[in-house]
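Please look over the chain shown here before reading the notes. They are arranged by topic.

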Amino acid sequence: MEHSKNSRNKRTQRDYNLGFKLAVVSQVEKGEVTYKQAQRAYGIQGRSTVLVWLRKHGTLDWSNPSQHQMPKSKETPAQKIKRLERELSDEKLKNELLNTMIDISDRQYGTAIRKKFLPNQSDASNNKDQ
């Protein structure tokens with residue numbers, strides 16, 4: 001039974017020192033390789049070994065992976081419209097809430113948070129320039 005020079009020997013778990021793990025994690029997080037490509041390239045036997053390393057040593061947040069949004073470039077026009085309408089609705093609610101808070105502050109504490117513009121203010125500034 002003869003092995004060719006190009007065939008890689010599979011690694012044993014003893015070979016996975018911390019430096020090796022961090023190097024693999026770094027490559028995957030930078031997007032140079034996928035975790036499956038790293039497994040094949042380095043002869044890592046376990047199917048989830050690299051994923052475990054990513055969770056343990058990586059900088060990405062793996063605590064709630066189900067909330068990752070679809071990249072914006074792959075949205076269909078209908079999905080984009082729906083997302084933008086939802087964002088607009090959220091911003092309108094936020095604006096209404098802030099306006100209500102300003103009104104309450106003005107009534108209860110006598111503040112004048114909103115600027116009150118004089119209607120003839122722009123005419124007065126134009127006359128100064130002449």
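This is a predicted model: local features need pLDDT of at least 70, side-chain atom pairs count only at pLDDT 80 or more; totals for chains, interfaces and linings use all residues.

Residues are numbered from 1 along each chain as its sequence is written, and side-chain values use heavy atoms, with hydrogens and water left out.

**Whole chain**

- The protein chain has 5 helices and 0 strands, where helices (H or I, at least four residues) and strands (E, at least two) are DSSP runs numbered from the N terminus.
- Along the sequence the pattern reads α-α-α-α-α.
- Of the 130 residues in the protein chain, 14% are buried; buried means under 20% relative accessible area, exposed over 50%, and partly exposed in between (1.4 Å probe, protein chains only).
- The accessible surface of the protein chain is about 11700 Å², with 52% belonging to carbon and sulfur atoms (Shrake-Rupley method, 1.4 Å probe; for residues, only the protein chains shown count as cover).
- Contact means heavy atoms within 4.5 Å; among contacts in the protein chain between residues at least 6 apart in sequence, 43% join residues at least 24 apart.

**Helix 4**

- Helix 4 (residues 77–109) has 33 residues and spans 47 Å from its first C-alpha to its last, close to the expected 48 Å, which is 1.5 Å times one less than the number of residues.
- Its buried residues are Arg83, Ser105 and Asp106.
- Leu98 belongs to helix 4 and is partly exposed, at 42% relative accessible area.
- Leu97, Leu98 and Met101 make a nonpolar surface patch of about 290 Å²; patches consist of residues with over 30% relative accessible area and no salt bridge, joining like charges within 9 Å and nonpolar side chains (Val, Leu, Ile, Met, Phe, Trp, Tyr) within 5 Å.
- A salt bridge is a side-chain nitrogen of Lys or Arg within 4 Å of a carboxyl oxygen of Asp or Glu.

**After helix 4**

- Gly110 follows helix 4 and has a positive phi, near 70 degrees.
- Thr111 is in the loop between helix 4 and helix 5 (121–129), and is partly exposed at 31% relative accessibility.
- Beyond neighbours within four places in sequence, Thr111 is in contact with Ser105 and Asp106.
- The side chains of Thr111 and Ser105 are joined by a polar contact of 3.0 Å (a pair of N or O atoms within 3.5 Å; within protein, one must be able to donate a hydrogen and the other to accept it, and residues adjacent in sequence count only if both atoms are side-chain atoms).

**Gln39**

- Gln39 lies in helix 2 (residues 35–42) and is buried, at 11% relative accessibility.
- The Gln39 side chain reaches the backbone oxygen of Arg47 at 3.4 Å.
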